[in-house]
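Please look over the sequence and the model shown here before reading on.

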Amino acid sequence: MDLLPLKLLEMGCLPGNEVKLIQIAPFNDPLYIDINGSHLAIRRETAQQIEIDLI
Amino acid sequence: MAKHINVALLGNPNTGKTSVFNRLTGLNQKVGNYPGITVEKKSGTCKFGRNCTVHILDLPGTYSLNTSSIDENVVIELLLNKNDKDFPDVAVVVADVENLKRNLLLYTQVKDLGIPTILAINMADRMERKAITLDIPKLEKILNTKIALISSRKNIGFDYLKELIENYNQLSTKPCLNASKISPEYFDRLRKVFPNQDLYKLWLVITHDVNFGKLDRNEFKGVASFQTESPENLKRLQHKETITRYQFINETLKETLKIDSENAKDLRSRLDRVLTHKVWGYVIFFGILMLIFQAIFDWSEYPMDFIDRSFAALSEWAKSTLPAGQFTNLIAEGIIPGIGGIVIFIPQIAFLFLFIAILEESGYMSRVVFLMDKIMRKFGLSGKSIVPLVAGTACAIPAIMATRNIENWKERLITILVTPFTTCSARLPVYLIIISLVIPDTRVLGIFSLQGITLMFMYVLGFGAAIFSAWVLDKILRIKTKSFFVVEMPNYKLPLPKNVLITMVEKTKAFVIGAGKIILAISIILWVLASYGPGEFNNAETIVKKEFASKNISEEELGNHIESFKLEHSYIGRIGHFIEPAVRPLGYDWKIGIALVTSFAAREVFVGTLATIYSVGSDDEQTIKSRMAAEVNPILGGPLFNFASGISLLLFYAFAMQCMSTLAIVKRETNSWKWPMWQLIIMSAIAYILSLAAYQFLK
């Protein structure tokens with residue numbers, strides 16, 4: 001959590017929220033996600049810092 | 001009594017903040033720079049009734065007050081500096097009704113600074129379609145402010161927003177959130193050291209120092225010495241602040257906002273499935289690129305021809321109407337063509353920014369960035385670099401201006417540095433004439449013209465050079481950048497014509513005024529250097545007349561010979577002779593040397609300069625070409641423009657940094673002479689070495 005950039009939190013990527021993977025860009029990076037209604041594209045290296053449970 | 005109100009317009013990116021600004025100010029806008037940095041400062045005024053003038057500052061879009069870029073830094077510096085002349089009496093936070101949760105984060109932060117803050121919820125016209133209902137009175141009560149539901153697209157709610165601004169002093173300045181909630185223990189300590197200060201402001205100053213540094217703060221003396229927490233801990237507290245704020249927002253919206261999420265399959269997801277598809281995404285993107293190319297190369301040809309002809313005619317007219325003399329010559333041959341040289345770029349630049357504005361406004365640009373990021377990253381660029389690199393094939397100047405969308409400074413700098421390698425339209429006339437001279441007009445495999453293939457190769461070469469040098473720069477530049485890659489994928493929107501038009505006009509104006517001054521100055525200097533000279537220059541007429549006295553030539557031919565003689569003996573001709581030893585190993589003579597020197601102002605001057613030197617007297621391509629073909633190498637004999645020297649020239653024009661305007665714009669965008677000077681030196685060195693190698697190898 002501490003490694004996660006503050007900006008990502010500010011853009012709505014918060015602990016306890018649901019993440020939906022919408023699309024993966026060609027060549028497998030970046031990822032296009034919907035988190036808590038925020039539609040964001042982040043690079044894989046950032047995404048790896050986010051801990052998730054599959055639901 | 002006349003009333004004056006300072007308004008600061010804040011908001012997340014993609015909330016339509018700029019459309020709100022455009023609606024409020026109309027065309028009463030001023031675009032400048034914040035002192036010392038290249039962040040655009042947009043401000044405007046509007047009148048409320050007779051006695052109330054409102055000054056509106058459109059601050060850069062930001063997700064929070066915790067800054068991570070130079071643009072966002074502007075926001076916090078203003079809001080913390082009460083002495084700034086633009087310090088707002090009232091802040092208006094623009095929010096998108098569909099992203100209210102995220103947008104409220106910034107609102108609560110601004111509100112906590114003790115500035116009266118109005119919440120303007122934009123795109124209210126979408127509420128019905130998206131089945132969103134808001135309990136405005138309740139929300140106003142919890143947020144302790146007034147809310148205007150507006151729609152800049154449909155022009156709804158602006159009268160009420162103006163009314164709220166006018167009566168800003170009735171708004172509460174109480175904070176939404178008690179800062180101590182973030183960490184009671186830490187804030188208690190702060191309060192003990194600075195008993196009279198606003199804790200949230202203090203907190204912002206302290207964390208800001210950690211993240212960004214050098215904040216101008218007379219009010220907060222002694223803060224720098226307050227170091228009780230490690231940067232890691234402060235960062236943790238910032239995370240906690242964000243989470244605490246979101247908790248407050250979530251609770252607030254639970255009571256006031258209802259979304260009927262039946263229509264989940266909206267336009268966005270349907271369009272995204274096509275536009276970011278691994279095949280269709282690229283096909284559509286390259287289709288759009290083709291369209292932009294078509295506009296820049298083809299459609300803008302007509303206005304450009306018209307401008308060219310008009311300025312030539314104006315020049316003629318000035319020459320024939322004004323009293324003869326050096327001053328008239330300066331106007332007709334220096335200043336008017338100089339201004340023409342600026343104006344002629346307007347169609348291309350306007351078209352380019354028209355398309356870029358449409359792509360930005362519609363939300364498509366984020367998808368391109370998403371598609372291209374992985375590929376571009378391999379070369380130290382960002383997905384966002386694709387726009388400048390493509391735009392560079394028209395002209396490096398608007399392309400470099402378009403790099404402003406790249407938040408990461410290192411990626412942006414690399415993009416700025418490599419963009420001039422892409423084959424800009426000014427190189428095209430040079431390539432065309434040299435290729436037609438030295439490449440045989442034959443066909444390869446029966447269909448492909450060898451000349452056409454060569455031209456295409458020059459484009460590939462330019463793009464390859466850009467990508468390759470980006471890769472090298474990425475390896476050698478040691479720049480630490482804090483920002484990282486996160487792109488919001490906004491909803492698709494139909495671009496508002498007014499917004500697109502204003503962007504186009506503003507950018508074009510910035511070019512004409514910014515780069516224009518330099519182009520004009522250079523063309524005047526060139527004119528002076530070509531129009532004056534020492535010694536023999538001043539007796540040109542007598543000398544030439546004597547030389548041709550025995551030969552029977554027409555008045556016109558004689559005039560051309562005089563012009564040619566004058567040029568050879570003018571200051572610029574002397575410079576050409578002076579640098580001849582340096583360019584001879586590349587296969588050029590002093591005349592090409594002069595053309596090279598003048599090309600440093602702008603590449604397209606090459607053909608025109610040779611025309612003057614070869615005393616053709618007209619810019620007609622065919623005559624210049626036949627004249628160039630007949631030119632003999634003074635030392636080796638044989639044609640001067642042969643395969644070896646031609647290839648050498650092509651390479652020189654492909655790599656050399658021969659464009660004063662580009663250097664000027666790089667200086668403006670990087671805010672230092674260091675980068676343009678490096679560009680000039682390194683690109684020219686590469687050009688020289690490659691041309692030298694090519695000529696020596698091929699001759």
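Which residues in α28(B) meet which residues in α29(B)? B:L663, B:V666, B:K667 and B:T670 are the residues in α28(B), and they meet B:W675, B:P676, B:Q679 and B:L680 in α29(B), where residues are in contact if their C-beta atoms, placed from the backbone, lie within 7 Å. By class, this contact has 5 nonpolar, 2 polar and 1 charged residues; Ala, Val, Leu, Ile, Met, Phe, Trp, Tyr, Cys and Pro count as nonpolar, Asp, Glu, Lys and Arg as charged, and the others, Gly among them, as polar.

This is a predicted model, in which local features need pLDDT of at least 70 and side-chain atom pairs count only at pLDDT 80 or more, whereas totals for chains, interfaces and linings use all residues. Residues are numbered from 1 along each chain as its sequence is written, while chains are lettered from A and ligands numbered from 1 in the order in which they are written.

Helices α28 (residues 660–670) and α29 (residues 674–698) of chain B have axes that come within 7 Å and cross at roughly 145°, and the crossing is right-handed. Axes here are lines fitted to C-alpha atoms, for helices over the stretch in contact, with angles running from 0 to 180 degrees between N-to-C directions; a crossing is right-handed if the near helix is turned clockwise from the far one by less than a right angle, and left-handed if anticlockwise. Helices (H or I, at least four residues) and strands (E, at least two) are DSSP runs, numbered from the N terminus.

Another packed pair in chain B is formed by α3 (residues 100–111) and α8 (residues 231–256), at an angle of about 125° and with axes 10 Å apart. α3(B) and α8(B) are therefore oblique to each other, the term for angles that are not under 35 degrees (roughly parallel), over 145 (roughly antiparallel) or 65 to 115 (roughly perpendicular). Their contact includes B:L104 and B:L105 in α3(B), and B:F248 and B:I249 in α8(B); by class it has 7 nonpolar, 1 polar and 2 charged residues.

Between the chains, 26 residues of chain A are in contact with 29 residues of chain B. The side of chain A that touches chain B has 15 nonpolar, 6 polar and 5 charged residues. β3(A) pairs with strand β12 (residues 486–488) of chain B in the antiparallel sense over 3 bridges, pairing being a matter of at least two DSSP bridges, and A:L40 has B:E488 as its bridge partner in β12(B).

Technical notes. Contact = placed C-beta atoms within 7 Å.
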